[in-house]
Amino acid sequence: MSVSRQPRFTLSQQEADFLIKEIKNTVESIFVMPQPGERNSEFHVPASNGDYFTIAVFQGARDPSRHQISARISQSGIPLLRLCVNATSHHNPDGTRVGGTHWHIYREGFDDLWTSPASLVSDSFLESTISLLNQFNVIEKPMFQRSSNDHYRNS
């Protein structure tokens, strides 16, 4: 069964690829990782040319092993990259199905509806977050902190 939905965004593939590959650095020096179920946890990563991006981080409330980390253009909200860890199956627009951990990467005409399997070294919440930042070319990352004032190792 294929998904039929009109694209919401008009970003070209060339523009999206450029934005994903741009070198970025974090604004925040410390980011407190959200508790399971906590919403709206975000930090910002500008590129040297002035483009500005938001990284959103979410961990499941019922199942903390499920989490989602995404990168979008701050001003327009266009999603460029999303990593879904230990997620339910996703149906691509052509009807193919991708289960478990997967990437959503912007595709012209389809927004972020296409997925491909993700192979991670670890599916820990912190390591998954760092994997997305590496894929999104964020060179300078914040120090990640747990809400209990412990610091995570920053890779």
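A charge is taken to sit over a ring if NZ of Lys or CZ of Arg is within 6 Å of the ring centre and within 35 degrees of the ring normal. By this criterion, the charged end of Arg107 sits over the ring of Trp114, 4.1 Å from its centre, and Lys24 lies over the face of Phe136, at 3.9 Å from the ring centre. The model is predicted, and local features need pLDDT of at least 70, side-chain atom pairs count only at pLDDT 80 or more, and totals for chains, interfaces and linings use all residues. Residues are numbered from 1 along each chain as its sequence is written, and side-chain values use heavy atoms, with hydrogens and water left out.

Contacts of Leu80 (heavy atoms within 4.5 Å), not counting residues up to four places away in sequence, include Ala16, Phe53, Ala71, Tyr106 and Phe136.

Strand 4 is largely enclosed by the rest of the structure, because 6 of its 8 residues are buried. Pairing of strands requires at least two bridges found by DSSP; strand 4 pairs in the antiparallel sense with strand 3 over 6 bridges and with strand 5 over 7 bridges. Phe53 in strand 4 is the bridge partner of Val45, while Ile55 stands opposite Ala71 in strand 5. In the hairpin of strand 3 and strand 4, with 5 residues between the strands, Gly50 takes a positive phi near 105 degrees.

Aromatic pairs (ring centres of Phe, Tyr and Trp, the last by its six-membered ring, within 6.5 Å; planes under 30 degrees apart stacked, over 60 edge-to-face, the rest tilted) number 5. The rings of Phe31 and Phe43 have their centres 4.7 Å apart and their planes at 50 degrees, so the pair is tilted. Both Phe31 and Phe43 are buried. The rings of Phe31 and Phe144, with centres 6.3 Å apart and planes at 85 degrees, are therefore edge-to-face. Phe31 lies in strand 2 and Phe144 in strand 12 (residues 143–145), so this pair ties together parts that are 113 residues apart in sequence. Phe144 is buried, with a relative accessible area of 0%, and Phe31, Phe43 and Phe144 form one aromatic cluster.

Definitions and conventions: Buried means under 20% relative accessible area, exposed over 50%, partly exposed in between (1.4 Å probe, protein chains only). Helices (H or I, at least four residues) and strands (E, at least two) are DSSP runs, numbered from the N terminus.
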